[in-house]
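Open the model in your viewer and keep the selection tool at hand. Each stop below tells you what to pick and what you will find there.

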Amino acid sequence: MNKIFDLIELKELAEEVKKISKKKNIILLFGDLGAGKTTFVREYCQSINIVNQVSSPSFLILNTYYSKNNFQVNHFDLYRVKDIFELETIGFYECLNQSNSINFIEWPEKFISELNKFEDRTLSIYFKFIEDNINQREIKLEV
Ligand SMILES: Nc1ncnc2c1ncn2[C@@H]1O[C@H](COP(=O)(O)OP(=O)(O)OP(=O)(O)O)[C@@H](O)[C@H]1O
Ligand SMILES: [Mg+2]
């Protein structure tokens, strides 16, 4: 799936991810600074009625959101993570192996060899800017 999405249409993408995530619950979000990764996580969370607020995890590395039926959203930003030891410290592997959860990972390219170990549960989404158009993004979904 390769499509142009504006902010409103992100809902459609959230629905698609919801379907796929029953089998693949590790969602890798690729794209430059400001390409729309966090914005999409926020949209997804709205669509499942999470109870707490979605913010950019940039300073925290991991933010966790909850929906009513105990479903958990783990939202990682690996931009500032230095090494695998630091990943272990924040409970990265426990999160990925948790049942009843979905994991969104910004900047997955930093630890791609680790993430490749979970390949069978991974869905990749690529966010791209469009020239002379700040109101939309080109988004590709690779299952
Ligand atoms: N599909 C879209 N259409 C139009 N604008 C968008 C879209 N997605 C995101 N934006 C806008 O782009 C800006 C930056 O988005 P966002 O914070 O989600 O980027 P990011 O990829 O998470 O960046 P970072 O790598 O810095 O965390 C926001 O102001 C947001 O409103
Ligand atoms: Mg972000």
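**Stop 1**

Select Asn 2. Its opposite number in S7 is Lys 140. This is a predicted model, so keep that in mind at each stop.

Now pick Ile 4. Which residue of S7 is its bridge partner? It is Glu 138.

Strands of a sheet pair through backbone hydrogen bonds, either parallel or antiparallel.

Is S1 covered or in the open? Of its 5 residues, the number buried is 0, so S1 lies largely in the open.

**Stop 2: The whole sheet**

Select every strand. The 7 strands make an open sheet. Read across it in this order: S1-S7-S6-S2-S5-S4-S3. The pairing is mixed. At the edges sit S1 (2-6) and S3 (62-66), and each of them pairs on one side only. Ignoring direction, neighbouring strands here are turned by 20° against each other on average.

**Stop 3: The other edge**

Go to S3. Show its side chains. They alternate along the strand. Asn 63 and Tyr 65 point to one face and are buried.

S3 and S4 pair in the antiparallel sense, over 5 bridges. Asn 63 has His 75 as its bridge partner in S4. Follow the chain from S3 to S4: the two strands form a hairpin with 5 residues between them. In that turn, stop at Asn 70, where phi is positive at about 70°.

**Stop 4: Helix H2**

Select residues 37-47. This is H2. Helix H2 lies across S2 (26-30), S3, S4 (72-77), S5 (101-106) and S6 (122-130). Its direction makes an angle of about 165° to S5.

How many of the residues of H2 are buried? The number is 8 of 11, and the helix is mostly covered. Colour the buried ones: Lys 37, Thr 38, Phe 40, Val 41, Arg 42, Glu 43, Tyr 44 and Cys 45. Their cover includes H1, S2, S3, S4, S5 and S6.

Step past the end of the helix. Asn 49 follows H2, with a positive phi near 55°. Then go back to Asp 32, in the loop between S2 and H2. Asp 32 is exposed, because there are 10 other C-beta atoms within 10 Å and a residue with 12 or fewer counts as exposed. Draw a distance between the C-alpha atoms of Asp 32 and Asn 49. These residues are 17 apart along the chain, and the separation is 28 Å.

**Stop 5: The nonpolar core**

Select Ile 27, Leu 28, Leu 29, Phe 104, Ile 105 and Ile 125. They have the most contacts inside the largest nonpolar core, which has 24 residues. Several elements each supply at least two residues of this core: H1 (10-20), S2, H2, S4, H4 (92-96), S5 and S6.

Zoom in on Ile 125. Leave aside its neighbours within four places in sequence. Its contacts are then Ile 27, Leu 28, Leu 29, Phe 30, Ile 139 and Leu 141.

**Stop 6: Two residues with positive phi**

Pick Trp 107, in the loop between S5 and H5 (112-115). Its phi is positive, near 60°, and Trp 107 is not a glycine. Is Trp 107 buried or exposed? Trp 107 counts as buried, because it has 20 C-beta neighbours inside 10 Å.

Next, pick Asp 132, in the loop between S6 and S7. Asp 132 is not a glycine either, yet its phi is positive at about 55°. Asp 132 is exposed, with 5 other C-beta atoms within 10 Å.

**Stop 7: Zoom out**

Count 5 helices and 7 strands. From the N terminus on, they run β-α-β-α-β-β-α-α-β-α-β-β. The radius of gyration is 14 Å, close to the 15 Å that the globule rule gives for 143 residues, so the chain is as compact as a globular protein of that length. The C-alpha trace spans about 40 × 35 × 30 Å along its principal axes.

Finally, colour by burial. Of the 143 residues, 29% count as buried. Then turn to the contacts with a separation of 6 or more: residues 24 or more positions apart account for 63% of them.

Key:
Residues numbered from 1 in each chain as written. Chains lettered and ligands numbered in written order. Predicted model: local features only at pLDDT ≥ 70, side-chain atom pairs only at ≥ 80, totals over all residues. Pairing = 2+ DSSP bridges. Helix = DSSP H or I, 4+ residues; strand = E, 2+ residues; numbered from the N terminus. Axes fitted to C-alpha atoms, helices over the stretch in contact; angles between N-to-C directions. Contact = placed C-beta atoms within 7 Å. Rg over C-alpha atoms; globule rule 2.2 N^0.38 Å. Core = buried A, V, L, I, M, F, W, Y, C linked by C-beta atoms within 7 Å.
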